[in-house]
Amino acid sequence: MELLEQLGDRLATITTGDYDKQYDQVVSFGELLATRIVAAALEAQWVDCRPLIRTDHTWREGRVDWPTTERSLRATLPPLLSNGPIVTQGFLGGTASGYTTTLGREGSDYTAAILAYCLGAQDVTIWKDVAGLLNADPKIFADTVRYPEISYQETIEMAYYGASVIHPKTIKPLAVRHIPLLVKSFVDPTAEGTKIHDCRHGLLAPAYIRKAAQCLISFSSKDLTFISEENLEVIFGALAQVRLKINLMQNSAISFSVCTDFSAYRLEKLLDLLREQFTIHYNTGLELYTIKNYDTASIRRIAQDRELLLEQRTRQTFQFVCRGSFNEVSA
């Protein structure tokens, strides 16, 4: 009841101010209420993580103050754990001034990594609806391959490109303290899953990663001069200011293109900042595909006969932006 009253008070005071800040203050109540229910069902101790996981004021993607967080967690949780299990929240943190922050996409996994890092855990297990870390989305590909084990570095790269099972920030604190991460299935808890740790492995099966709802933005100088380092500095600064993350970028002599997650709100703010200096064109409703450890057959499998608006390849990674989804028929 207390949390519901707090939520009502919060909703009553919402203004047209900072959307991201207000988002964090409101959306956090879902996690707070859910953990209250689970703690009661398990007869476990309920702990509010917000005073313990200290972040800055980067709303919707709070940056952790690691020394303060480690001190708080070490002082608070071990005595409680000696009295039995604890249920706390994922996804949430708090500022020094008492505001709630959220930690970004799949932030609950990141919270587990924060707790493990600060408390010196032996390992971390996250539970998913898939058999482990797979090379592709089983909802799209009929013949997915499970990686029995995989290195921290390889997993970080897959997460960076958009693999949905692992939060991009989850691996780093675990890798720093050599804490293995086990990815297991709650559908079949006895299955082996995937172990992410310090290991060496041979050539891995190609990984197919899709990011939907993408926006391709192209900038060119209005006087048709070359895109210089000074131009790029202005563009990067504006992208950082409106918090649009670059998923792929490419430049030519007179233009610079970036692929980002689409946000109408952030895109409009970007246009306001740059339209006087640059000619800007953009396309929405696109998808970005990444093939990690690609070969000729894997490229042909998902890129053949498609309109590629932008493509790029390195020694191990092939990426392209296109219209429409890849829909492979299940076997």
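The lining of the second largest pocket is made up of 15 nonpolar residues, three polar residues and one charged residue in this predicted model. The volume of this second largest pocket is about 360 Å³, and among its 19 lining residues Leu 77, Leu 81, Thr 88, Leu 115 and Leu 119 are the closest to its centre. At least two lining residues are supplied by each of helix H3 (66-81), strand S2 (86-87) and helix H4 (107-119), with H4 providing the largest share, five residues.

Eleven aromatic pairs are found across the whole structure. One of them joins Trp 66 and Tyr 117 in an edge-to-face arrangement, with 4.9 Å from centre to centre and 65° between the planes; because Trp 66 belongs to helix H3 and Tyr 117 to helix H4, this pair ties together parts that are 51 residues apart in sequence. Trp 66 is partly exposed, at 23% relative accessibility, whereas Tyr 117, at 15%, counts as buried.

A stacked pair is formed by Tyr 289 and Phe 320, since their ring centres lie 5.3 Å apart and their planes meet at 15°. This pair links distant parts of the chain, with Tyr 289 in strand S12 (residues 278-292) and Phe 320 in strand S14 (residues 317-323), 31 residues apart. Tyr 289 counts as buried at 4% relative accessibility, as does Phe 320 at 0%. Ring pairs also connect Tyr 289, Tyr 294, Phe 318 and Phe 320 into a cluster.

Arginine side chains are likewise placed over aromatic rings: Arg 36 lies over the face of Trp 46, at 3.7 Å from the ring centre, and Arg 60 lies over the face of Tyr 23, at 3.8 Å from the ring centre.

Key. Residues are numbered from 1 along each chain as its sequence is written. This is a predicted model: local features need pLDDT of at least 70, side-chain atom pairs count only at pLDDT 80 or more; totals for chains, interfaces and linings use all residues. Side-chain values use heavy atoms; hydrogens and water are left out. On a 1 Å grid over the protein atoms alone, a cavity is a set of points where a 1.4 Å probe fits but cannot get out, and a pocket is an open set with protein on both sides within 12 Å along at least five of seven lines; lining residues have an atom within 4 Å of a point. Grid points are joined across faces, edges and corners, and a volume is the space filled by probe spheres set on the points. Helices (H or I, at least four residues) and strands (E, at least two) are DSSP runs, numbered from the N terminus. Ala, Val, Leu, Ile, Met, Phe, Trp, Tyr, Cys and Pro count as nonpolar, Asp, Glu, Lys and Arg as charged, and the others, Gly among them, as polar. Rings of Phe, Tyr and Trp (its six-membered ring) pair if their centres lie within 6.5 Å; planes under 30 degrees apart count as stacked, over 60 as edge-to-face and the rest as tilted. Buried means under 20% relative accessible area, exposed over 50%, partly exposed in between (1.4 Å probe, protein chains only). A charge sits over a ring if NZ of Lys or CZ of Arg is within 6 Å of the ring centre and within 35 degrees of the ring normal.
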